[in-house]
Amino acid sequence: MLSSDQLGPQWDCPLGSKGLEDKEGPWGGGSGLPPPDCFPGSWRLDVGLDCKGSPEGAEARAWTAYYYSLLQSCLQQAGLPETQDRSQVPRTGCPGAEVTLCILGSPSTFLSVLLEGGVQSPGECAPHPLLQKGQPCPGPATSQNTRQPWQLPAFRGASCHTQSRGGFWEQLPPLPRARTGGGGHGTGSLPWPAALPRLPTGNMLLCLSPAWLTKVPAPGRPGEAALLVSKAVSFHPGGLTFLDDFVPQRQATYFLVGLGPGPGQGREAAELARDLTCPTGASAELARLLEDRLLTRHLLAQRGGVAVPATLAFTYKPLTLLRGGDGSPGLRLVELSGKEGQETLVKEEVGAFLHSEALGDALQVAIKLSSWRWRGRQALRLHPRAEVGTVADAVVALLEKLEEEESVLVEAVCPPARLPSPGNPPPGPELALRICAVVCRTQGDRPLLSKVVCAVGRGNRPLRHQNSLPRPLEVALAQCGLGEAAQVAGVRRSVKTAAEAALAAVLALEAGVSAEQRGGRLACTDFLGVDFALTVAGGALTPVALELNGGLCLEACGALEGLWAAPRSGPATQEAAAAAPLVETMLRRSARCLMEGKQLLLVGAGSVSKKFVWEAARDYGLKLHLVESDPNHFASQLVQTFIHFDVTEHRRDEENARLLAELVRARGLQLDGCFSYWDDCLVLTALLCQELGLPCSPPAAMRLAKQKSRTQLHLLRRQGPPWPSPSLHAVPCCPLESEADVERAVRQVPLPGVMKLEFGAGAVGVRLVEDARQCRQHFSRIAHDLQGEADHPGIGLGWGNSMLLMEFIEGTEHDVDVVLFRGELLAAFVSDNGPTRLPGFTETAACMPTGLAPEQEAQLVQAAFRCCLGCGLLDGVFNVELKLTGAGPRLIEINPRMGGFYLRDWILELYGVDLLLAAAMVACGLRPAVPPHPRATGYLVDE
């Protein structure tokens, strides 16, 4: 998306002094209508774009219709179905209790984000809104059309031509008709609610007009406002889109507004993004900083160590951020005392600059104004380096247009990259390369390069966005005669290092300014586009950062992905979408927004190894209330309420749950949820949730998963349907409570076998037994040494010391940590365990992510999911231990809580998903905001 337009008079446009309020377009307060009939297509135009209660003027309505047609054109070119209008019947929801990712901006800029958001956060299924009691079926449906719309393949560049022009109803399964009884009361209308199709609500929303959004004061947050969505286009898996009204309005949990050049930079859009209670990925205040080319050059060179063009800047009353401090490499800053009478100073500085070695081999310089007001508004003026007087005169002519904190820049035009090579140069004109990189903020404020696209043009012409086809880095380098593998790898490393350093510098800048200067407490740059020119410096190919932008680079990457609309083989189809890390960040910040201030009861504090819980709770803004047996536990000072209660006697769990519920009510605790991560307290917690009416998996399911032999024997009986059934993964075993049970077990379970505690944890008491004698000896040893909680605290002896004997399974051992919500698998993380040291099965190593083939990984995930569902575990974060054998996965045990030891930290580090936060969200009845297929950012190994 970078052009090679030829220089000419048409490049000179009038330079004016315009602020946000003077911008032409629908959201800037200026005048002007969109160009008519600019999108050829056959989509419907009689759709409900008006927002009830917030009418628009004729000009604003025209722009809303323009953006709607632009969206349809983008969808059409991507091979995706037309947006369906279902705004006649408003969608219902739970304001403040669901993820709502809202974008206000151009559809072409944010299409890749919107489609990726529809995949990563489809939302929960709800009854179809277009059917009301007593209405006939509104459209045809045949028995052959049985695919639900949300079952279409997720759009990752794949073509989806399943939507016919006949409309959405042709894709629905046949709807049932009311039966006509003997009394003749049947009308042939659709009963409600009788087996109606259910559609995901869609959490990724595009607003085409500021009128579709409303700000309301936030209770308890002086100066801040909640953002409510009245109307939007919702995005769903398979690229399906719907025009929806919302009653009640949906409350945004993340907001991203297009604040770059063009419509969307106006006062309304800027005001909507300011001082919100939800996280925002952009603001007018941040845009003003990042659109000042001088400031960003200084920032990248000084803080990021990124190469920038040699630049001479004449600035009038510069920004505070530019005053003082050390100079930046290649950047000369000249502060002017006034705008008039500077001819001599300018000529001296320009002459010294043009003759300096800092310009290297550059033959031309560009002159431009620098500040947010001039972004996208000025002509590009190029001059030969040798014409000192002409350059100086051009600078002086621009000085009179400066306002405070603005600058005139004279910068070197980077020569095209050309390495010395033997033989004749390649035929044809010399080519120049410009590189566009998208980098995203990830977990822990770490920058991550998401995608790189390039443009190639003639070396004597400037390259710009949106006028040429994007292409991969490898292809572009090859076109420029730089196709060697080592060269490509070197350039990619350099671009990655520079782009990530650029975002790191921006984030450091933002961390040092006030909330007011950022545009709100939760305003932060979540993604950045960096434009590079590729040149040669010191004999090496070097990317030189030209400017920062978000929307244009994101649009270029999306356009490149769109070129792969047809399925293809090879690595290109395996590459993640450019917007994937951004959407993951949007979800992660939304989860924080939803959970801030939530009141949670935690049963059992655990040992000092769980100290991360209290740190994370403070970071997320959770209000924890603790039930704990130890009155002197260190966590008693870290919670809102401490309830000392003996929870170690598990034979009284039902009675204790009732007593605890009475204590909670007596103290007037208004709880949003209740959960536990401590093995001993899981059943009690489920019973307490049942008493308090809070979400949790059923107590019977927790009991079943807690006792290892019951888990296996129960699953062995679950032989379907559906198939594959959980019984395929269960392992034969026998419970052991007496010596007589041992004698019976050795006749039923093939040896060698594994003996372990029924309710044990941490592999204590686990042993490989090869014959009946070893079985008797180990049973006697455990019965003598581990009789109660005092003998080994924290391993489950409060439940007794009964044991089980199970068949020994050969294979590789793995942990699968799953996130379930209302019986739906939201995410799964597979890790590998090294060979265990026998006979005690001590772990020797661990690795994440798994090194298994994708097919084997999928087998483990599905086995873990089926085993959880087979036990009735529908809601929560669970750790499932499995072995992968030649016959498929076999279950070792289910831990009905999040994985212990290193697992939570590893998953957070590699995938940016916090299992603790996910468990807390499930406990509050909220769907965890986790990506369905997160990609690891590296590898972790423990040996």
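Reply: Let us begin with accessibility: a residue is buried under 20% relative accessible area, exposed over 50%, and partly exposed in between, with a 1.4 Å probe and protein chains only. The model is predicted, so local features need pLDDT of at least 70 and side-chain atom pairs pLDDT 80 or more, whereas totals for chains, interfaces and linings use all residues. Residues are numbered from 1 along each chain as its sequence is written, and side-chain values use heavy atoms, without hydrogens or water.

Me: Why does Gly258 count as buried?

Reply: Gly258 has 16% relative accessibility, which is under 20%, and so Gly258 counts as buried. Gly258 is found in the loop between β10 (254-257) and α3 (267-272). Gly258 and Ile103 are 155 residues apart in sequence, yet their C-alpha atoms are 7.9 Å apart in space.

Me: How do you know that Gln712 is buried, and which residues does Gln712 touch?

Reply: Gln712 has a relative accessible area of 1%, which is under 20%, so Gln712 is buried. Gln712 belongs to helix α17; helices (H or I, at least four residues) and strands (E, at least two) are DSSP runs, numbered from the N terminus. Contact means heavy atoms within 4.5 Å. Leaving aside residues up to four places away in sequence, Gln712 touches Ala730, Val731, Cys733, Met806, Leu891 and Ile892.

Me: What makes helix α16 largely enclosed by the rest of the structure?

Reply: Helix α16 (residues 699-706) has 8 residues and 6 of them are buried, so α16 is largely enclosed by the rest of the structure. Its buried residues are Pro699, Ala701, Met702, Leu704, Ala705 and Lys706. These buried residues of α16 pack against α15, α17, α20 and β33 (888-895).

Me: Why is α14 called oblique to α15?

Reply: The axes of α14 (residues 653-666) and α15 (residues 682-692) come within 8 Å and cross at roughly 50°. That makes α14 oblique to α15, because angles under 35 degrees count as roughly parallel, over 145 as roughly antiparallel, 65 to 115 as roughly perpendicular, and the rest as oblique. On the α14 side the contact includes Leu660, Ala661 and Val664, and on the α15 side it includes Leu684, Leu687 and Leu688. The contact residues of α14 with α15 divide into 9 nonpolar, 1 polar and 5 charged.

Me: How do you know that the span of helix α11 is close to the expected value?

Reply: The expected span is 1.5 Å times one less than the number of residues. Helix α11 (residues 551-562) has 12 residues and reaches 16 Å from its first C-alpha to its last, close to the expected 16 Å. The buried residues of α11 include Cys553, Leu554 and Leu560. Among the elements that cover them are α2 (107-120), β16 (431-442) and β17 (446-458).

Me: Which residues meet where α2 touches α11?

Reply: Ser108, Thr109, Phe110, Ser112 and Val113 in α2 meet Gly551, Leu554, Glu555, Gly558 and Glu561 in α11. The axes of α2 and α11 come within 8 Å and cross at roughly 65°.

Me: How many helices and strands does the chain have, and what share of the residues is buried?

Reply: The chain has 22 helices and 34 strands. Of its 943 residues, 57% count as buried.

Methods:
Axes are lines fitted to C-alpha atoms, for helices over the stretch in contact, and angles run from 0 to 180 degrees between N-to-C directions. Ala, Val, Leu, Ile, Met, Phe, Trp, Tyr, Cys and Pro count as nonpolar, Asp, Glu, Lys and Arg as charged, and the others, Gly among them, as polar.
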